[in-house]
Amino acid sequence: MNSERNKTTETRPKKLTGQKVGKEMIMEYITLNNGVKCPAAGIGTFMLSPAEAENSVREALKMGYRLVDTANAYVNERAVGRGMRESGAAREEIFLSTKLWPSEYENENAVDETLERLGVDYVDLLYIHQPAGNWMAGYRQLEKAYKEGKARSIGISNFEGEFIEELQTKWEIVPQFIQVEAHPYFTQQELRRTLDRYGIRLMSWYPLGHGDKSLINEPVFTKIGQKYGKTPAQVILRWHTQMGFAVIPGSKNVDHIKDNLDIMDFRLTEEEMAEVAKLDRGERYYHRTDEQLKAFAAWRPAFETK
Ligand SMILES: NC(=O)c1ccc[n+]([C@@H]2O[C@H](COP(=O)([O-])OP(=O)(O)OC[C@H]3O[C@@H](n4cnc5c(N)ncnc54)[C@H](OP(=O)(O)O)[C@@H]3O)[C@@H](O)[C@H]2O)c1
């Protein structure tokens with residue numbers, strides 16, 4: 001599928017500056033507004049069962065991945081922790097991201113319980129997952145965890161519009177990340193103006209359209225992919241990193257997981273980035289309602305017990 005896969009880092013174009021992470025893979029890093037470095041690409045675990053998450057995380061880390069994203073709400077944090085340990089990768093090499101669910105915002109043990117499920121004594125990134133319930137209490141928990149060294153960076157997820165506007169008047173610590181829906185059909189143009197003011201980085205969810213074939217099948221990705229010997233999905237993921245986004249495609253397919261890391265040995269030209277930009281129609285896949293926010297606040301994940 002990928003004729004370029006066997007290329008060694010020595011043959012990559014000189015201007016690419018990523019670090020080698022395994023025999024064939026290169027990784028680029030993003031420097032956050034607090035100086036912490038985060039891999040530009042990783043693996044997401046939304047909708048993966050515990051067994052699938054354990055397998056995907058273990059295999060991804062064995063290939064050279066160093067960024068893993070999970071959440072209280074995915075009910076797979078114990079499995080993600082097992083996958084990390086089984087991979088043999090050193091804890092300090094892994095950038096582990098998770099999210100507090102609204103039901104936990106007023107639980108003063110939420111951070112410790114999250115760490116216990118993951119089997120770690122700190123995470124690299126801790127989000128509040130939704131602007132629902134008493135989210136300011138949730139944000140204060142993040143700030144406390146950051147000061148106590150339990151979270152090396154903090155983030156907000158799904159806080160576009162009025163929510164980030166309100167938070168700006170209240171935060172003591174500026175977050176390092178926002179995690180929101182982003183892909184070539186929806187590039188978060190308006191939000192990015194606010195993020196630039198504070199040096200907040202964007203981590204894209206639904207980066208491949210959550211499996212929507214119409215995005216992956218856009219002819220422009222096939223055309224660019226043919227030039228570089230890459231799949232359409234790899235071109236989309238590379239577009240994310242060139243936009244400055246961290247990207248965490250979800251997958252339970254080991255071939256896809258391998259492809260999704262193998263994106264740092266080529267670069268879209270300015271003209272190709274401009275061609276992709278023409279796909280932006282300001283259209284999300286996921287439309288959240290106020291009713292859903294209420295339902296989010298009322299729901300409590302049935303956490304794994306083992
Ligand atoms: N903060 C939030 O509210 C929020 C919401 C949604 C997601 N997220 C995070 O963002 C991550 C990414 O989102 P997502 O997983 O929902 O959507 P996604 O990454 O856009 O798409 C995942 C889908 O794409 C397929 N896929 C993956 N790699 C592929 C490849 N190389 N070629 C073709 N198909 C491929 C996967 O199938 P296979 O399994 O067959 O590979 C899966 O069906 C999540 O896992 C989660 O960590 C956060």
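Two residues are in contact if their C-beta atoms, placed from the backbone, lie within 7 Å. Helices (H or I, at least four residues) and strands (E, at least two) are DSSP runs, numbered from the N terminus. This is a predicted model: local features need pLDDT of at least 70, side-chain atom pairs count only at pLDDT 80 or more, and totals for chains, interfaces and linings use all residues. Residues are numbered from 1 along each chain as its sequence is written.

Start with helix H2, residues 77-87. Its buried residues include Val 80, Gly 83 and Met 84; buried means 20 or more other C-beta atoms within 10 Å of a residue's own, exposed 12 or fewer, partly exposed in between. Among the elements covering them are helices H1 and H3 and strands E6 and E7. Gly 88 follows H2, with a positive phi near 85°.

Val 57 touches Val 80, Gly 83 and Met 84, among others. Val 57 is also one of the residues touching the most other members of the largest nonpolar core, which has 79 residues. Such a core joins buried Ala, Val, Leu, Ile, Met, Phe, Trp, Tyr and Cys residues through C-beta atoms within 7 Å.

Now turn to Val 180, in strand E10 (177-181). Why is Val 180 classed as buried? Because it has 23 C-beta neighbours inside 10 Å. Its contacts include Leu 191, Leu 202 and Trp 205. Ser 204 is 24 residues away along the chain, yet the two C-alpha atoms are 5.6 Å apart.

Finally, the ligand. Its shell holds 25 residues, with Gly 44, Phe 46, Gly 211, Gly 250 and Ser 251 the closest; a residue counts as near if its C-beta atom, placed from the backbone, lies within 6 Å. Helix H10 (254-261) gives the most, three residues.

Technical notes
Lists of a residue's contacts leave out its neighbours within four places in sequence.
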